[in-house]
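Here is a short note for a colleague who is meeting this structure for the first time. Please read the points with the model open.

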Amino acid sequence: MDTIRAFSRHPSGMIGLAILLVVLVLAVLAPVLYPEDPWEMVGRPFAPPLTDGFLLGSDTLGRDVAAGIIHGTRVSLTIGVTSTLAAVLIGVLIGAMAGYWGGRVDDFLMRVTELFQTIPGFILAILLVATLGPSLVNVIVAISVVSWPPLARLTRAEFLRLRGREFVQAAACQGETPLQVVLRHILPNAISPIIVTGSLTIASAILIESALSFMGLGDPNAMSWGFMVGAARTVIRQAWWMSVFPGIAILLTVLAINLLGEGLNDTLNPRNARSGRH
Amino acid sequence: MTTSASGAQGHRGIAVALAILGWAAKFIAVVLVIATFAFVLVKAAPGDPAQVMAGQTGAADERMLAQIRQEYGLDKPVIVQLGTHLKRVLTLDLGFSYRQRQPVSTLILERLPATLLLTGTAFLLALFSGILLGTLAGLRAGKWSDTLLTVISLILYAMPVFWLGLMMVLLFSVQLGWLPAFGYQTIGVTMGPFARMLDVASHLVLPAVSLAAIYLAIYTRLMRASVIEVAHQDFIKTARAKGLTQSRIITGHILRNAILPVVTIAGMQASALVGGAVVVETVFAWPGLGRLTYEAVMQRDYPVLLGIFLVMSVLVIVLNLVTDAIYRLIDPRVTTRATN
Amino acid sequence: MAEATLLSVENLSIALPRGADRAHAVEEVSLTVGANEIVCLVGESGSGKSMTAHAILRLLPERVSIASGAVHFKGRDIAAFDEAAMRDLRGGEISMIFQEPMSALNPLARIGDQIAEAIVTHAKPAPARETVDARVIELVTAVGLPEPATIVRSFPFQLSGGQRQRVMIAMAMANNPALLLADEPTTALDVTTQKQILGLIRDLQRERGMGVLLITHDFGVVADMADRVVVMRNGQVVEQGTAEAVLRSPQHDYTRALIAAVPGARPVGARSRDIHDAPILVAENLEKTFVTRQGFFRPPRRVPAVRQVALSLNARETVAVVGESGSGKSTLGRMIMRLIEPDGGVVDFNGTDLLALRGEPLRQTRRRLQIVFQDPYAALDPRQKVGDAIARGPMAYGTSRQEAMAEAKRLLARVGLKDNAADRYPHEFSGGQRQRICIARALALKPQVLVADEAVSALDVSVQATILELLAELREEMNLAMLFITHDLRVAAEIADRIVVMRRGEIVEQGATAEVFANPAHAYTRELLDAVPGRRLFAGPGSLLQATA
């Protein structure tokens with residue numbers, strides 16, 4: 001409750017939340033606002049914004065840019081959230097094991113994590129999608145595979161820090177089983193930074209997805225923002241609107257999530273939240 | 001607790017030698033693991049591996065497929081295939097691109113300089129300007145210039161790289177006509193070496209700035225936070241109690257300490273930067289490895305993709321080495337520094 | 001002793017930012033320091049003593065400012081100084097040293113350069129490099145650091161805490177200050193190191209005829225160092241006068257209470273606690289070496305923490321394990337609790353080998369051994385209500401929630417907290433109250449052995465005294481055997497039946513408390529006893545026990 005109240009007083013966090021809510025509403029209402037298929041050619045190609053009944057213009061094949069953006073919202077959010085959930089699951093599991101058990105398990109898991117951080121993630125994602133085939137599921141798999149390492153490192157650091165904390169040791173002395181100790185004392189105290197980093201991971205997942213689609217590696221059946229920019233880039237001299245508007249959609253969505261994440265960080269961060277400490 | 005300072009010099013030499021040895025071992029290990037990984041990936045790809053290696057667009061005939069099977073020993077057990085593959089990687093043989101009909105290493109070496117120039121410039125640009133701007137913001141925390149920098153870096157941080165590149169093309173090439181939009185140099189014109197250098201430089205500006213932008217934003221924010229944190233540490237109070245001027249405190253005590261976490265993060269971000277180069281080169285038709293990646297993706301040219309993957313990973317390791325060296329230069333406590 | 005007045009603080013008030021727990025950190029404080037005298041500013045945490053010292057050099061934290069009053073140095077009003085004049089004063093005529101030697105030096109700069117900086121800043125025109133170097137060596141030698149030529153080339157991380165504090169003092173002495181402000185300069189140090197540093201400050205003060213304002217929370221230090229004493233509480237001066245007057249015949253109740261609370265200063269009650277030779281816990285050959293891996297090719301670093309330690313604890317007995325940092329005393333306690341796995345040895349608890357237990361049998365035995373930690377802020381889960389924290393233990397062993405909560409409330413009342421405490425979170429309590437909660441939590445499982453790991457070290461003396469009293473009562477009520485781990489001999493003297501002295505992982509001496517204090521057998525024990533501050537006034541725990549024996 002305190003957290004919600006503190007967050008409501010965080011101006012940039014609230015701005016982020018507001019933008020994100022608008023994006024969400026658009027995603028939900030997409031079939032109502034633009035019931036026709038965004039791939040459908042509905043008018044004259046190369047129509048500038050506000051002409052021929054196109055709010056944001058039409059593309060090279062006469063498809064409605066606005067319809068593409070609204071429908072693209074669903075793709076971006078779905079991929080961003082799903083791949084982040086998978087990345088959080090992998091990252092928290094690996095980080096928790098490394099941080100809780102320490103020793104050789106930690107050594108091994110951190111070597112693996114380091115390796116994944118050395119490999120250029122985007123190129124790995126390209127390779128994965130190119131090999132497995134460009135489908136929604138494979139894109140999600142590829143993005144989660146390259147997104148988990150920071151979460152694993154963070155979780156490990158938190159677990160390592162908390163495992164040595166005296167209240168955790170006290171719980172063990174009180175006869176709580178290791179699983180109870182982890183679930184009742186370590187995880188709840190580690191969860192805020194994981195939530196914050198998780199929210200920022202959604203943003204970066206959306207960026208990776210858009211870059212993959214831009215390179216022509218998105219799901220060919222899903223209208224996405226990156227694909228729209230990629231398709232329009234060769235005609236940028238004649239038709240700026242085709243690449244400008246989808247880009248703004250990405251920018252605003254990612255910005256909103258980042259602002260929200262920062263707001264969460266400021267309100268959930270123990271340094272600020274528990275000021276009663278001393 | 002008490003470490004005798006005597007003999008530290010001798011220890012230092014040994015420490016450096018061990019560090020280099022450690023790096024070499026890590027290097028080889030990473031290369032081998034990545035090569036194995038790539039091998040597994042091709043095995044996992046749907047369809048006939050020979051067909052995969054030849055490229056899926058159906059250009060390969062039966063004779064070529066037979067040749068590929070023979071070359072990669074695809075009829076032998078998997079473990080033998082892996083062994084052959086790793087041996088080839090270690091002898092710097094990256095295979096043959098059946099689509100381009102050239103050895104992969106030739107293709108890559110041809111494109112490598114352009115990528116090195118781009119990523120190197122972007123990396124240094126982001127690091128130095130980030131440190132500079134972050135310091136300014138940190139020292140003016142709460143003032144309007146700090147707020148402005150914060151807002152700008154937030155926006156940059158949210159921008160897709162390819163879109164930022166396109167927008168800069170739109171503004172600086174299409175609208176203003178200040179800078180060339182595409183390519184590495186003006187083609188079909190003969191110039192002196194100096195003019196050629198300027199020409200390349202002018203082509204470099206937009207791609208390098210696009211690639212650097214997001215990292216510039218990250219380093220600025222990080223440096224800002226770091227400066228603020230260091231400014232509150234005990235030894236800064238000591239410095240003030242010594243009677244030092246504010247500028248002396250900043251240059252002599254805050255900066256060096258504040259840079260350390262930025263250098264660490266810069267090392268960790270190297271892989272993302274190298275990945276970003278792929279997109280930027282695609283946007284600007286920059287004839288580097290990224291552009292080659294795009295072409296290889298379009299043609300599903302696996303030998304090339306795998307080669308690039310390996311070389312780019314090596315590039316990341318090298319960038320890590322550079323940041324690690326910078327760190328060691330700044331911080332005398334290297335031997336006691338934890339790995340994370 | 002005081003000649004001319006060097007520093008005078010007049011009616012100084014320091015305002016805290018809005019939203020702080022009180023409006024002023026310091027209210028209407030007046031004090032003086034003469035040339036050639038040591039004035040001790042003494043008080044508990046939150047008394048405003050440190051703020052007062054920082055205000056003199058205008059080194060207050062952001063958003064904290066002097067609200068009213070004046071500071072005069074050599075007759076000049078410091079308020080009238082501009083920033084440049086203030087800088088000349090700092091490290092020039094007035095120097096300051098701080099509590100944490102570990103963080104007070106720039107980790108990335110060489111010791112010599114940091115001292116030289118203090119010289120160069122105040123020398124106009126800039127002196128020659130050789131002159132500065134020579135002066136740095138001279139200063140490093142003057143503060144008693146070994147191998148000055150090596151020290152100046154070292155980095156702070158290569159020095160121990162005591163050595164770093166000497167470096168801080170060398171830096172402070174660089175420009176022959178008239179006044180030294182020392183803010184708890186020995187609080188973070190071991191007692192033997194503290195003695196050396198205090199001796200150094202006193203010697204330098206005498207040699208140079210400096211004025212020293214020494215801030216401390218320890219009346220023992222006051223007794224050893226002060227010419228005059230200023231006692232502060234909640235931002236106000238409650239009493240000041242010569243050391244002799246304040247210590248021998250304190251006028252104010254608070255001063256009296258503080259002095260009475262100094263461990264070892266109280267008369268020790270009857271010692272016959274009727275303890276029989278019936279060991280409940282016997283540890284033998286305990287061994288622990290911490291190994292840190294240092295990367296691929298470097299050999300791992302091995303730090304032996306505990307070597308071949310044997311220890312026994314009788315039923316109802318309190319054994320104090322005394323040692324300085326790095327002595328292995330905490331590791332020993334945690335090995336017995338199985339929080340650190342020993343490399344070797346045996347811990348026999350009521351006839352079972354504790355170290356051989358795993359899983360459920362270990363969990364079942366664990367309830368008989370409980371621990372109270374040093375830092376009451378770190379020892380409670382910030383997200384768990386106090387009642388839950390206490391009830392969780394019995395519940396883990398099958399007690400119903402209602403029963404466990406009722407018992408938790410009863411325990412909270414027993415340790416002196418209101419019964420609504422159960423529904424509140426730890427951050428709503430003070431340090432002393434939290435330590436009471438931790439004690440209640442440990443006792444909820446009705447243990448036979450209680451390990452108290454520096455359980456009163458983080459507390460103010462007055463709180464310390466009440467917690468010790470509580471522990472002394474509870475051990476009788478619950479027939480507890482206690483392993484009391486502490487760095488403070490005075491505290492050990494108050495509560496222990498037997499004392500074990502540890503040094504660098506080994507036990508150097510053990511015996512009945514009175515015996516160890518009266519006739520220390522080992523040189524190190526004598527050194528420790530000798531370093532206890534305030535022996536001049538409080539006669540020290542040894543003599544005290546002798547008197548009652």
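How many residues of chain A are in contact with chain B, and how many of chain B with chain A?

1. Start with the contact between the two chains. This is a predicted model. In it, 43 residues of chain A touch 47 residues of chain B.

2. Next comes the area. The size of an interface is often given as the accessible area lost when the parts come together. Between chain A and chain B, about 4200 Å² is buried. Carbon and sulfur atoms give 76% of that area.

3. Chain A and chain B share one salt bridge. Glu262(A) and Arg221(B) form a salt bridge, with their closest N and O atoms 2.3 Å apart.

4. Which helices of chain A each supply at least two residues to the side that touches chain B? They are helix 4 (103–118), helix 5 (121–132), helix 6 (136–163), helix 8 (178–214), helix 9 (225–232) and helix 10 (240–268). Helix 10 of chain A gives the largest share, with 12 residues.

5. Turn to the aromatic rings. Over all chains, the search finds seven aromatic pairs. In one of them, the ring centres of Trp240(A) and Trp241(A) are 5.9 Å apart. Their planes stand at 85°, which is over 60, so the pair is edge-to-face.

6. Are these two tryptophans buried or exposed? Trp240(A) is partly exposed, at 39% relative accessibility. Trp241(A) is buried, because its relative accessible area is 5% and the cut-off is under 20%.

7. Another pair is in chain B. The rings of Phe172(B) and Trp178(B) have centres 6.0 Å apart and planes at 40°, so this pair is tilted. Phe172(B) is partly exposed, at 22% relative accessibility. Trp178(B) is exposed, with a relative accessible area of 60%.

8. Ring pairs link Phe116(A) and Trp148(A) with Phe37(B) and Phe309(B).

9. Finally, look at where charges sit over rings. The charged end of Arg233(A) is over the ring of Tyr294(B), 5.7 Å from the ring's centre. In chain C, Arg424(C) lies over the face of Phe429(C), and the distance to the ring centre is 4.9 Å.

Conventions: Residues are numbered from 1 along each chain as its sequence is written. Chains are lettered from A and ligands numbered from 1 in the order in which they are written. This is a predicted model: local features need pLDDT of at least 70, side-chain atom pairs count only at pLDDT 80 or more; totals for chains, interfaces and linings use all residues. Side-chain values use heavy atoms; hydrogens and water are left out. Rings of Phe, Tyr and Trp (its six-membered ring) pair if their centres lie within 6.5 Å; planes under 30 degrees apart count as stacked, over 60 as edge-to-face and the rest as tilted. Buried means under 20% relative accessible area, exposed over 50%, partly exposed in between (1.4 Å probe, protein chains only). A charge sits over a ring if NZ of Lys or CZ of Arg is within 6 Å of the ring centre and within 35 degrees of the ring normal. Contact means heavy atoms within 4.5 Å. Buried area is the accessible area (1.4 Å probe) that two parts lose on being put together, summed over both. A salt bridge is a side-chain nitrogen of Lys or Arg within 4 Å of a carboxyl oxygen of Asp or Glu. Helices (H or I, at least four residues) and strands (E, at least two) are DSSP runs, numbered from the N terminus.
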